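Keep the sequence and the 3D view side by side.

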Number of protein chains: 2
Amino acid sequence: MEVNFSEIAKKAKAASKKVATLSADVKNKALLNIAKNIEDNKERIFAANREDLSNAEILVKDGKITQSTFNRLKLDENKMRDMIQGVKDIARLDDPIGKVLLKRELDEGLVLTKTSCPIGVLGIIFEARPDVITQVSALAIKSSNAVILKGGKESVNTNKTIMSVIQEALKNTEGFPDNVLTQVFSRDDVAEMLKQDKYIDLIIPRGGNSLVKFIKENTKIPVLGHADGICHIYVDESADIEKAKNIIIDAKTQYPSACNAVETILVHEKFKYKEELKKAITEAGVEIIYTPESWHKEYGEKKLSYKEVSSLDEAIEHINEYSSGHTESIITENEENAKIFMNSVDSSGVYHNVSTRFADGFRYGFGAEVGISTNKTHARGPVGLEGLTIYKYTIEGNGHIVKDYADGVKSFHHRDIYNQLP
Amino acid sequence: MEVNFSEIAKKAKAASKKVATLSADVKNKALLNIAKNIEDNKERIFAANREDLSNAEILVKDGKITQSTFNRLKLDENKMRDMIQGVKDIARLDDPIGKVLLKRELDEGLVLTKTSCPIGVLGIIFEARPDVITQVSALAIKSSNAVILKGGKESVNTNKTIMSVIQEALKNTEGFPDNVLTQVFSRDDVAEMLKQDKYIDLIIPRGGNSLVKFIKENTKIPVLGHADGICHIYVDESADIEKAKNIIIDAKTQYPSACNAVETILVHEKFKYKEELKKAITEAGVEIIYTPESWHKEYGEKKLSYKEVSSLDEAIEHINEYSSGHTESIITENEENAKIFMNSVDSSGVYHNVSTRFADGFRYGFGAEVGISTNKTHARGPVGLEGLTIYKYTIEGNGHIVKDYADGVKSFHHRDIYNQLP
């Protein structure tokens, strides 16, 4: 099937204008219809998933995909239940659109309002996990954005089936426009998507380091996400040994392939319990690597780099040099040192006596996330609904012209009626 | 002089970490010192400016620069006073850094805080106006960002002198770090700056359409700004003729080369006073162009495109197709139509019965602006201090690990202590 990608993108743009003005009520009905239709069609989805899994089994045997990719591909009753619940949860969240962020009387009868609005068209590129479709679709609908999704080829049958179940639900939602969600399938579609800077406003890649790097190198569209997750834990001279052990073992072993797992620990050379710490880490099945070449390394498995530092400042400098800007933690009983660390480390998450694994939209209470951003603009850290919005300024007046202010006939008084900032 | 640009950018990055932690007090002292030192050295600055002007006179005669570029280059007592006052005004604004945007107890003793912080290193590329240096430098200092500035070659002497006056003031400010502000001069420096995505976090171009387009095409660094300013005014069937006349004439003639000047007017075909309106516009010295080819046009002079539309919807569709997303206005006495227009038009500013010329950071009460953004992410519309900030998440805990939550030993309660959102 020949697909003209710019036609798809143009239709998505047109749909984005329509979905932008939907009421919260219509959006929430659409979400609840989706949840119900997935529930009603779960056997159809499982059947499609079994087809993908039997194809993937061969790929695993041939060494073309890893066992962990295979596992992410697999939908079971638990994942299905979470998927359905996730959509219902998003329906219950506050509408992120139309929030007044600032209301200011510029002069008599001249009122400026800053209101949250959708970004427009999102391009989402994801790998194995088919459950991403429902989460991303639900977040896009709730935030009144249109979205073009491209999933991994291993899950193509599951993806197609889930999307058609979602589209059926949207067709049955009165007032919901067409073309808000579009799925594309071929590898060429990724290249085409990256060219559509006229129509696509934001690309969100969810996948491995090499996918994200490829996307960042090959598009002029803003990209939200992260390539590396090189997280650090600094064990200060005054750290509590029990906290240090528990936190490091949690941050490395609870889910070693997560982007928020710790990769490097920096230990103050005067920390009294450093041998005990190393012993505990090793006993937890974690291999400690001592070479400086490893400081750039994201292991994704039960290994971590170890470096001794002579001061808090050296730890901060090391982190600001080697970190990917994701999440770092300090273990210390010294409040002053914690404060310096948290002010000076330039990452999206900076923690005190806490595992780096807390960096997550659900744990932060955002209800859901499209991913974790290490960008320095727009949105940083776990990105939920708020990161899928921007704002516009409106002014209500009564024939006001600039000339009167330039000539000094009138002047601004800038009186805030409401300002979100404290 | 051989300059290694990545060394400059690296030093700016190091400086950005230092300026990030300065107190509001040190930043404000630095700003007041700058204002005073400019005041004390204004004759030196005027002398440098006279040198640039006498070189520029030849360029005007040779037709290499326009008279309006020459005018923007010229510093007089008024511009000098505004420059000094502008820096003092920024000193008086609230510190945009360290503001708590969200404080949420995730669980007992586990507190998430979202706090505003600087972006890092800004790259500012601007054309003729030398007064941009003080405004941008002051905004960067106040928002704790480091900045690399590249000005136009026509104002090189003025730029150098202003920057050395600013640097003297910073040297005399106790606790203010080096390398927060750096100025570069050659055309090659622009190309080099655009390559430094490792060190520079945001590029802000201030200048003509072709400069901005060149920059957007040639960098992976996020760019904040706008290329085109194709603003529309829609005159609804129920418009008040006096408001329509005044607003359109103001929006076109008060400063025709401004980006927020109107370029196209859309008039409802049933608007009773359309002939009277056209007559008034023509009498104000504005040429009306009736060809569809002109709908893409940014005139920058006393010309505007005119189109009749048969409905509000047609006006909205036209705007969403041809607008550059800058600022649009509806003239109507029909509140319902105004509401539809303001919800459906996807531009950074959407006004009702107001001149498009109000799109400006000073008029919005932001104190100053680095420019006006037509981006759909990060910051939109006039960008003041807030657009030069991002946020980070910190968590304070007491040995909290994720395993306890994954195992169901503990659970999140997500209790907001403070949330900026209503």
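Helix H6 of chain B and helix H7 of chain B cross in the right-handed sense. Helices (H or I, at least four residues) and strands (E, at least two) are DSSP runs, numbered from the N terminus. The model is predicted: local features need pLDDT of at least 70, side-chain atom pairs count only at pLDDT 80 or more, and totals for chains, interfaces and linings use all residues. Residues are numbered from 1 along each chain as its sequence is written, while chains are lettered from A and ligands numbered from 1 in the order in which they are written.

Stay with this helix pair. H6(B) spans residues 132-142 and H7(B) spans 156-171; they pack at about 35°, with axes 10 Å apart. Axes are lines fitted to C-alpha atoms, for helices over the stretch in contact, and angles run from 0 to 180 degrees between N-to-C directions. H6(B) brings B:Ile133, B:Thr134 and B:Ser137 to the contact. H7(B) answers with B:Asn159, B:Ile162, B:Met163 and B:Ile166. Contact means C-beta atoms, placed from the backbone, within 7 Å. The contact has four nonpolar, three polar and no charged residues. Ala, Val, Leu, Ile, Met, Phe, Trp, Tyr, Cys and Pro count as nonpolar, Asp, Glu, Lys and Arg as charged, and the others, Gly among them, as polar.

Now turn to chain A. Its open sheet has four strands in the order E5-E4-E3-E6, paired in parallel. Two strands pair if DSSP finds at least two bridges between them. The edges are E5 (181-184) and E6 (202-206) of chain A, each pairing on one side only. From one strand to the next, the twist averages 20°. Strand E4 (146-150) of chain A is joined to E5(A) by four bridges. Look for A:Leu149, whose bridge partner in E5(A) is A:Gln183. Helix H1 (5-19) of chain A packs on this sheet and touches E3 (121-126), E4 and E5 of chain A. The direction of H1(A) makes about 140° with that of E4(A).

Where do the chains meet? In chain A, 64 residues are in contact with 64 residues of chain B. E15(A) gives the most to the chain A side, with 11 residues. By class, that side has 24 nonpolar, 24 polar and 16 charged residues. E15(A) also pairs with strand E12 (349-354) of chain B, in the parallel sense over five bridges. In E12(B), B:Val350 stands opposite A:Thr394.

Definitions and conventions. Two residues are in contact if their C-beta atoms, placed from the backbone, lie within 7 Å. A crossing is left-handed if the near helix is turned anticlockwise from the far one by less than a right angle, and right-handed if clockwise.
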